[in-house]
Amino acid sequence: MNSAQHLHGFVLALLVVSLSASLVRAAPIVEFSGDDYSGSSRVIPLSTNWESLAEWLHSEVLKLRDQQFHDVFNLPVNNSSFSLYTIKLPQITVADGCLSSAFKKENCLRTIATGLQEYLEYMNYVKDSYTSGKDEVEKVSDTIQNLSADVFQRMKNPPSVTKLEINTKDILSHNSDSEWGQAVNAHLILREFTSFMEKTYLAIRNINEKKSRKITSV
């Protein structure tokens, strides 16, 4: 066998090994394809590092919140402008067991997973209201779904996932019949989700740190 044939066989072997490794890494619910979340595709890869994924999602929804405020209201970003408006959406509290002082892992994961599922439904409202940011909203929605799937897989007793039926008129605080009201509601959803993701990221980091200390002490 000449050197060209040896080289051809070596390259084929590398391709087979690479393909096999990719299949092994594939998640049972969503696709794995690396750690790059910045691509133009709507399919956002699920990283095995859920802490990094949560941090990225928090960063993206923060940018989306500020972008929507600037684009829709044509004002410098000022998130205190609607501070008097309130909206009842999922948030992480001390009772959820995500904080170091009263840590309850399973309860914390359940709060995060169900909260992400609810915000995923509200992203449809944001997408309909903030049409110029449709691509960004869809990217955030895909990432919410991936992180939610990741969290559910880490639970010992995950609840069954059912599609939430949310009546936005019963929850949103501002009159949604006008374009202005819809824009305000969209901003409030993004504002609350930004806060939720900030606490979610801290909770996940807390879980990872506890796991790391447990492994070190063994």
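Arginine 191 is buried, at a relative accessible area of 16%; "buried" means under 20%, "exposed" over 50% and "partly exposed" in between (1.4 Å probe, protein chains only). Keep in mind that this is a predicted model, where local features need pLDDT of at least 70, side-chain atom pairs count only at pLDDT 80 or more, and totals for chains, interfaces and linings use all residues. Residues are numbered from 1 along each chain as its sequence is written, and side-chain values use heavy atoms, leaving out hydrogens and water.

**Exercise 1.** Find the salt-bridge partner of arginine 191.

*Solution.* 
- Start with the rule: a side-chain nitrogen of Lys or Arg must lie within 4 Å of a carboxyl oxygen of Asp or Glu.
- Arginine 191 meets glutamate 192 at 3.1 Å, N to O.
- Now check glutamate 192: buried, at 14%.

**Exercise 2.** Work out where the partners glutamate 138 and lysine 127 sit.

*Solution.* 
- Their closest N and O atoms are 3.8 Å apart, and they form a salt bridge.
- Glutamate 138 belongs to helix α4 and lysine 127 to helix α3, eleven residues apart. (Helices are DSSP runs of H or I, at least four residues, numbered from the N terminus.)
- Glutamate 138 is buried at 11%, while lysine 127 is partly exposed at 25%.

**Exercise 3.** Compare the reach of helix α4 with its expected span.

*Solution.* 
- The expected span is 1.5 Å times one less than the number of residues.
- Helix α4 (residues 134-154) has 21 residues, and 30 Å is expected.
- From first C-alpha to last, α4 reaches 31 Å, close to that value.

How values were computed: Helices (H or I, at least four residues) and strands (E, at least two) are DSSP runs, numbered from the N terminus.
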